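This report concerns helix packing and the nonpolar core of a structure model. The sequence and structure are shown below.

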Amino acid sequence: MADSKPNYTRIGHANPWPFTASVALMTGVFGLLFIENKNPVGWMLIVIAAGVFLIAVFSWLTTMIREDVAEASERTVPEFPAIGKWMVSFLVVSEVFLFGALFATYFYLRNHDQIYTQSLLHFYQVDGSVFEIWGLVPLLNTIFLVSSSVTVHFAEEALRHSKTKVFQVLMTITVVLGALFVGGQVFEYWNFSVNEHFTPQTSTFGGSFYTLTTLHGAHVLAGVIVLTSLLVGSFFRALSAKRHIALTVASIYWHFVDVVWIVLVAVIYLRLI
Amino acid sequence: MSDTHTAPHDHAPSPYPAWTEWLFTTDAKKIGLVYMFMAFVYFFVGGICAGGIRIQLATPTMNFVDGVTYNGLVSMHGTVMIFLWVMPFFAGIINFVMPLQIGARDMAFPRLNAMGLWLFNAGALVLMATFLLGMPQAGWTSYAPLSIIDKKEIGMDLWILGIQLLGISSIMTGLNFVVTIFKLRAPGLTMFRLPLFVWASLVVGWLMILAMPAIAVTLTEVMLERHFGFTFFGPAHGGDPILYQHLFWFFGHPEVYILIMPAFGIVSEIIPVFSRKPIFGYKLMAWSLILIAFLSFLIWAHHMFASGMDPRLTLPFMILTMIIGVPTGVKIFNWLATMWRGKLYLDTPMIFALGFLVTFIVGGFSGVIVASVPIDLHITNTYFVVGHMHYVMFGGSVMAIFAAIYFWFPKMTGYRLNEKLGIWHFVFTFIGSNLTFLPMHWLGMLGMQRRIMTYNAMYANDNLMATIGGFIMGLAQLILVWNWWITMKKKERCADNPWRSKSLEWTHASSPPRPDNFEQIPTVTSDPYDYGLPPPPKTAKETKAHG
């Protein structure tokens, strides 16, 4: 394996954006602390930090794309060592442990919290009727997310075969489905907290439910942003049959987010385990 | 080994002003140097915290600091030494040495590497802010009832947010290590030809990837409970403090191995070089690293035998903990066997590696003692545990760090640290550390609790001894600073390979290495550590080329 591949990495390019992004994050952290102390300076710091962070990330990504386009013209091997694919695979493993810790919290509290068991009964019988967290919205969301996983797969296939139009149509569908999922999630939160009076503060189950679904929703949102920027990039010829590693990376991540949702539905919504 | 494969490299001059050289760099070697320098600064910050603790404990009822400051010093000593000294130092030395050892020009993701570095510095500054705004009170473990009760305590919030930044930095760094080692090895460098330091880096990368998410979740939950009314750990609303301990130690125990695995790697590099012998049982050394890493995820609850968790869990965790002593013992015997009948050169790096062996064995044995449930129930939370942990962390990790400094200093700077001062540094560090940490074992056996600021007069003599030892150990570090200072001033260049090592960073790169590491990427044709063996027969091509 190690014998045939060229040793590839870009040397010596100084880059200001990692430093800038880190300083922005640190400023944001201090902003949070000011807010906790009811100091209005906090919000100002947060806004500045968020702005600088976004600029830094955007500049970082455009530098990457520019280099990528410049080097691709000189490439002889279509996929130089596909380090991005390896990277995202290991990242997914890390994310499994991230969600795993939250699922562990849920299972532990389910087995140990006496009040939880009572509160569970309480929840399912608000006003004499049974409050069921599984319903139309999570069902639709499941359909959205699973089908978007299918469309992103065929979008990748289309790109590999240089069918740019098909790719763009399928990617648009994927992004719309992802956005619909996020919308459904927001609607569900509103419905639960306002109509059913089920909030994170209600019980330990509320805490677990909201942290798990919010972390997952944040992953979906991040995926939507990444997929959208790839779709936009395809109009500027940033992607092609020979240069689709970014899409491969994004779609591995997207499939993972889909799988997490299925586990979440099985464990939290349907209580199959 | 022969040179082939000319890889293209574009070493463009930086378009940014000169003062940004160290801030904007994406060169793994420069990033490594910044990591190590900052870590060394925080080593002294953590040391000053320890000094405060030891002065307070010099006599049974000293009034050196008040209780809040004392708790703060205890919390910050642990936090700084773990997260801002040992971890970043290892991240730095791996950044510097590992790409050179695998024949790569840089890390797989140089910019992500820079992001990891600056997130570390950001997190470190957030933690340093606690010294101004109020130090956290809950210890480096921040157990849940303590960390969620006082919601106005700003030090706790700073601590949580700082550790979150450091955690993100570690995940990035870990991903980078793993991808680099899997994908950027020089031609011919198969997995079982990797130097053991690279194996240790790989395993540490995996531990970071898998352990850090747990602390991210735990601290997020603490934050949500502190400020947003969620319930996870507070028993008043159905939470469980023991859940915090489970989650924390699921991170915390692999973390301990993040702190010791690179030390194993460093010692495995140094002992063969200074014994002029191949390492004994190379494959077993690599597999034992993997086995230790795997087991480290299955033994977290041995920190919780006395916590009130389900007693049925204690036996499996005790057995698994004792099993981890087996691969560790294998490593120690292999190091000893490597030295057996070797030609030992007692230069400073080797002296420190031998110091590591002695103190680490003591720490390892006391570890097996505390792993036993019946004994642990009596000595948990006593100074015995403090003694054990410092023998492993100081006598293990920090000794290996010093060995690494003396060993790779010529590679980083082109100058060699003064031998005589190095030996004095070792002598005072070794005597000081044993004088500090050895009495702690019997203090613990006699029942002295950890984290207390006054104590029964019966413990007075041993505590005074520990304080004196602590100051000997602390002042000894000034010898290292002095050594560094005069060496950098003298500017006496040493040979490219002063130790006659056979690994790639010494044989195929200059000291200090050029920005892209190698003129040509070498092709590896032999195992590491082939000391004392006849050179491999020349291939037909080589014979032709050299006549």
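Which residues have the most contacts inside the largest nonpolar core? In this predicted model, local features need pLDDT of at least 70 and side-chain atom pairs pLDDT 80 or more, whereas totals for chains, interfaces and linings use all residues. Residues are numbered from 1 along each chain as its sequence is written, and chains are lettered from A in the order in which they are written.

The largest nonpolar core comprises 237 residues, and those with the most contacts inside it are Val203(B), Leu207(B), Val267(B), Ile270(B), Leu289(B) and Ala403(B). Such a core is a set of buried Ala, Val, Leu, Ile, Met, Phe, Trp, Tyr and Cys residues joined through C-beta atoms within 7 Å, buried meaning that 20 or more other C-beta atoms lie within 10 Å of a residue's own. H8(B) supplies the largest share of this core, 22 residues. Because domain 1 (1-81) and domain 2 (83-269) of chain A both give residues to the core, it lies between them.

| Helix pair | Angle | Axis distance |
|---|---|---|
| H7(B) (residues 196-227) and H8(B) (residues 241-275) | about 165° | 8 Å apart |
| H2(B) (residues 67-101) and H3(B) (residues 110-128) | roughly 160° | within 12 Å |

H2(B) is therefore roughly antiparallel to H3(B), a term for angles over 145 degrees. The H2(B) and H3(B) crossing is left-handed. H7(B) and H8(B) are likewise roughly antiparallel to each other. Their contact residues divide into 26 nonpolar, four polar and two charged.

Definitions and conventions: Axes fitted to C-alpha atoms, helices over the stretch in contact; angles between N-to-C directions. Helix = DSSP H or I, 4+ residues; strand = E, 2+ residues; numbered from the N terminus. Parallel < 35°, antiparallel > 145°, perpendicular 65-115°, else oblique. Nonpolar A, V, L, I, M, F, W, Y, C, P; charged D, E, K, R; others polar. Buried ≥ 20, exposed ≤ 12 C-beta atoms within 10 Å, placed from the backbone. Domains from an automatic or database assignment. Left-handed = near helix turned anticlockwise from the far one by under 90°.
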